[in-house]
There are 2 protein chains.
Amino acid sequence: MLSNNVIKIITSLGSKKYRQKYNLFVVEGVKNIGEVIKSSIKVKELFITEDLWPEEESIKKTIIDDKDLKKISYLTTPNVGLALCELPNNPELKDFEGLAIALDDIRDPGNLGTIVRLADWFGIEHVLCTKESVDLYNPKVIMSTMGSFSRVNVHYIDLQDYLKNYNGNIFGTFMEGESIYENELPQEGILVMGNEANGISKEIENLTTHKISIPFFGKKGNTESLNVAVATSVILGEFKSQLSKKN
Amino acid sequence: MLSNNVIKIITSLGSKKYRQKYNLFVVEGVKNIGEVIKSSIKVKELFITEDLWPEEESIKKTIIDDKDLKKISYLTTPNVGLALCELPNNPELKDFEGLAIALDDIRDPGNLGTIVRLADWFGIEHVLCTKESVDLYNPKVIMSTMGSFSRVNVHYIDLQDYLKNYNGNIFGTFMEGESIYENELPQEGILVMGNEANGISKEIENLTTHKISIPFFGKKGNTESLNVAVATSVILGEFKSQLSKKN
């Protein structure tokens with residue numbers, strides 16, 4: 001049985017404050033746990049309901065019952081177990097080639113997780129977030145990255161400051177931007193996506209060099225704009241489409 | 001104060017059985033309620049915490065307090081109120097032009113909602129679902145369509161049977177399909193997307209005329225395939241990209 005103290009620590013890790021205090025975060029789901037084990041992130045302990053990953057002898061494992069798992073899990077339907085991991089050092093942000101994504105205050109954990117998973121799929125190594133954006137190590141973000149969090153570098157920075165000093169292309173997505181389908185998209189630069197409710201801030205808008213837009217093909221004018229993660233996928237898809245057709 | 005009977009009816013509408021029994025469904029969120037009011041769907045009653053939509057004099061309105069709203073809402077954070085609506089008749093599935101989407105057992109409400117919203121954006125009028133797919137009138141699906149449910153025709157049909165008799169292009173998305181970026185995509189046909197866990201069924205796979213795929217640009221081989229709603233957005237984006245470049 002898990003001690004109350006362990007339960008208390010694990011259930012506190014939903015908050016960034018406690019993740020930083022204990023230097024720990026939680027990974028759930030077979031796929032995610034498998035990925036974190038293979039990554040350079042240190043798994044401190046596995047709390048699992050069956051003895052999975054038997055080949056991983058160096059990792060401390062505690063076999064728990066479903067009742068205890070329910071107590072520590074962040075999922076509505078807990079699944080197999082939970083890995084307690086050490087927060088890795090922040091990745092270093094050096095000069096990079098190709099495309100990076102910048103997120104101007106993304107607040108929804110599912111959106112950040114989906115965008116990190118997309119970045120992984122499309123071979124984008126860096127995601128730059130404003131400090132106000134949802135934290136990568138939020139259990140719901142980690143869950144929705146499906147393991148991609150261990151392969152993409154997510155940086156929390158003063159985005160405005162960074163973009164001011166950046167000399168390359170800065171793409172911003174705006175309703176009134178130019179159609180991504182009718183303009184050549186240079187394959188180097190930073191693609192900025194805005195906050196779910198407010199879009200891109202005025203300050204960052206002023207720093208963009210290319211205002212782009214996904215054209216609307218629907219019938220009526222009052223359709224809600226696309227969700228930010230979906231919009232990111234359409235735009236990244238078009239970047240890759242143009243790249244593939246050039247080669 | 002709401003009667004227990006009203007609360008009981010509304011909270012039963014999370015289940016398809018009771019939606020059909022009462023011929024009712026629930027719409028929440030300002031945007032969604034606004035859209036349903038403007039649509040041809042009949043709003044039977046609004047339960048709202050403030051007197052919004054004052055111009056809609058023909059709709060019965062009941063002003064409730066936050067406590068009552070909490071009791072009937074399907075949202076973690078209830079917002080403004082809830083519209084009780086009559087289930088519309090099933091849309092008729094006639095011959096159509098252009099592209100339609102078919103979903104082979106989509107189970108996640110957020111995925112269906114996102115795909116309906118995407119269809120609305122990209123001007124796709126018909127979404128064909130297997131009968132086992134999640135129901136459009138599930139409150140979580142309605143919520144995530146952001147109003148698009150009133151503008152897209154979602155049909156629940158024997159998909160296999162329908163595709164057997166369909167003479168046009170049937171696109172299916174498979175890991176081993178041909179790159180969407182390196183093949184011309186005809187602008188007429190049905191795009192089939194598969195179940196979250198199992199993809200497209202063998203029976204429907206056999207009916208596809210084009211096996212397509214979103215190429216992977218990442219570094220390592222063990223990245224999870226893209227989420228079905230995100231994959232749909234990338235593929236629809238490429239259809240529109242090719243269409244735009246032709247014109």
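Predicted model: local features only at pLDDT ≥ 70, side-chain atom pairs only at ≥ 80, totals over all residues.
The domain assignment of chain A places domain 1 at 4-86 and domain 2 at 99-246, with bounds that come from an automatic or database domain assignment. To the contact between them, domain 1 of chain A contributes 17 residues and domain 2 of chain A contributes 12 residues, where contact means heavy atoms within 4.5 Å. The size of an interface is often given as the accessible area lost when the parts come together. Between domain 1 and domain 2 of chain A the buried area is about 1200 Å², with carbon and sulfur atoms giving 65% of it; buried area here is the accessible area (1.4 Å probe) that two parts lose on being put together, summed over both. Of the area that domain 1 of chain A buries against domain 2 of chain A, 38% is supplied by R19(A), N32(A) and E35(A), more than any other three residues.

Residues are numbered from 1 along each chain as its sequence is written, while chains are lettered from A and ligands numbered from 1 in the order in which they are written. Local features need pLDDT of at least 70, side-chain atom pairs count only at pLDDT 80 or more, and totals for chains, interfaces and linings use all residues, while side-chain values use heavy atoms, with hydrogens and water left out.

Chain A holds an open sheet of four strands in the order β1-β4-β2-β3, with mixed pairing. Helices (H or I, at least four residues) and strands (E, at least two) are DSSP runs, numbered from the N terminus, and two strands pair if DSSP finds at least two bridges between them. The edges of this sheet are β1 (24-28) and β3 (61-63) of chain A; each has a single partner strand, so one side of each is left without a neighbour in the sheet. Neighbouring strands are turned by 20° against each other on average, direction ignored. Axes are lines fitted to C-alpha atoms, for helices over the stretch in contact, and angles run from 0 to 180 degrees between N-to-C directions.

Within this sheet, β1(A) and strand β4 (residues 81-86) of chain A run antiparallel and are joined by five bridges, with V26(A) opposite L84(A) in β4(A). Across β1, β2 (43-48) and β4 of chain A lies helix α3 (residues 30-38) of chain A, which runs at about 130° to β1(A).

In chain B, four strands likewise form an open sheet in the order β1-β4-β2-β3, and the pairing is mixed. Strand β2 (residues 43-48) of chain B pairs with strand β4 (residues 81-86) of chain B in the antiparallel sense over five bridges, and L82(B) in β4(B) is the bridge partner of F47(B).

In chain A, strand β6 (residues 126-130) and strand β7 (residues 153-157) run parallel and are joined by five bridges; V154(A) in β7(A) is the bridge partner of V127(A). Together with helix α6 (residues 139-145) of chain A, β6(A) and β7(A) make a right-handed β-α-β unit. A crossover is right-handed if, with the strands pointing away from the viewer, the path from the first strand over the helix to the second runs clockwise.

How are the two chains related? Chain B can be laid on chain A with an RMSD of 0.0 Å by a turn of 180° and a shift of 0.0 Å along the axis, which is the relation of a two-fold axis. This superposition is by least squares on the C-alpha atoms of residues with pLDDT of at least 70 in both copies. V234(B) comes closest to the rotation axis of the residues of chain B, at 2.4 Å (C-alpha). Of the interface residues of chain B, 100% are also interface residues in chain A, so the copies meet through the same surface.
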